[in-house]
Amino acid sequence: MSSPPIGVFGGTFDPIHYGHLRLAEELYQTLGLSEVRIIPAGQPPHRGVPRTPAAHRLEMARLAIAGNPHFKLDDREVRQARASYTVDTLTDLRAELGAKQPIWLLMGGDAFLGLTTWKEWRNLFELANIAVAHRPGYQLEQDDALNDELRLEFQNRQTSQISTTAAGSILLSPMTPLDISATAIRSALQSRHSARYLLPDPVLDYIQKNSLYL
Ligand code: ATP
């Protein structure tokens with residue numbers, strides 16, 4: 001029997017919010033994961049340098065998941081000096097966990113729509129299964145949502161079963177729609193508007209204590 005699947009959830013988490021946490025929690029349940037590795041990006045290659053130093057983003061993630069025994073903070077991308085690419089992180093994890101371990105890479109619909117811009121994106125399917133959670137405002141099922149290359153992979157790999165294979169499947173999963181983004185939180189904080197109830201109180205306290213996003 002293969003060991004239970006693990007989830008891998010990367011992001012900038014600038015800051016981490018309830019959209020992230022519900023995605024991880026709901027996919028943890030849906031996929032029967034043994035744990036979810038939360039992996040804050042060091043230097044995300046896809047976007048400008050995040051405005052918040054990695055050490056703060058890591059600490060906010062730590063506070064956000066405290067008390068949830070099946071979420072594990074993984075600081076590998078923050079520790080490395082080079083830019084963080086998901087394909088490299090998954091290659092490292094695969095080497096650590098072995099070829100048979102089922103791995104699910106978790107992401108929101110917006111991230112999946114941009115997948116073909118990721119480094120060596122096709123290799124991701126050799127390394128992990130991909131679970132895509134619906135995100136308000138991003139319709140994957142619209143005819144022209146996916147570019148041709150991605151649509152082909154999607155059609156070939158989509159499953160409605162919770163696959164127990166080590167890698168290679170794509171599962172589209174509903175989740176409680178939460179139209180929360182880190183961008184909107186940063187902008188609320190900068191305008192001195194309340195961001196309360198969009199993210200955990202300890203994270204908000206940390207932001208205030210460290211005068212972040214002003
Ligand atoms: P920003 O607004 O700065 O772009 P973000 O809120 O999109 O940030 P990221 O850290 O970029 O957060 O996202 C990490 C992962 O979480 C991505 O896979 C993204 O699709 C997913 N995600 C973020 N917010 C939501 C949400 N509200 N619902 C579903 N998925 C989400």
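Strand 2 directs Glu 35, Arg 37 and Ile 39 to one side and Val 36, Ile 38 and Pro 40 to the other, and all are buried, where buried means under 20% relative accessible area, exposed over 50% and partly exposed in between (1.4 Å probe, protein chains only). Because six of the six residues of strand 2 (residues 35-40) are buried, the strand is largely enclosed by the rest of the structure. Helices (H or I, at least four residues) and strands (E, at least two) are DSSP runs, numbered from the N terminus.

The model is predicted: local features need pLDDT of at least 70 and side-chain atom pairs count only at pLDDT 80 or more, whereas totals for chains, interfaces and linings use all residues. Residues are numbered from 1 along each chain as its sequence is written, and side-chain values use heavy atoms, with hydrogens and water left out.

Strand 1 and strand 2 run parallel and are joined by six bridges; two strands pair if DSSP finds at least two bridges between them. Ile 6 has Glu 35 of strand 2 as its bridge partner.

The ligand has 22 residues around it, of which Asp 110, Arg 135, Leu 178, Ala 182 and Thr 183 come nearest; a residue is near a molecule if one of its heavy atoms lies within 4 Å of it. By class, this shell comprises nine nonpolar, nine polar and four charged residues. Nonpolar covers Ala, Val, Leu, Ile, Met, Phe, Trp, Tyr, Cys and Pro, charged covers Asp, Glu, Lys and Arg, and the others, Gly among them, count as polar.

| Residue | Protein atom | Ligand atom | Distance |
|---|---|---|---|
| Thr 12 | backbone N or O | oxygen | 3.0 Å |
| His 17 | polar side-chain atom | oxygen | 2.9 Å |
| Ile 180 | polar backbone atom | nitrogen | 2.9 Å |

Of the 600 Å² of accessible area that the ligand has on its own, the protein covers 92%, as computed by the Shrake-Rupley method with a 1.4 Å probe. Two or more residues of the shell come from each of strand 1 (6-11), helix 1 (18-31), strand 4 (103-108), helix 5 (109-113) and helix 8 (182-190).

Gln 208 lies in helix 9 (residues 201-209) and is exposed, with a relative accessible area of 52%.

Methods
A polar contact is a pair of N or O atoms within 3.5 Å; within protein, one must be able to donate a hydrogen and the other to accept it, and residues adjacent in sequence count only if both atoms are side-chain atoms.
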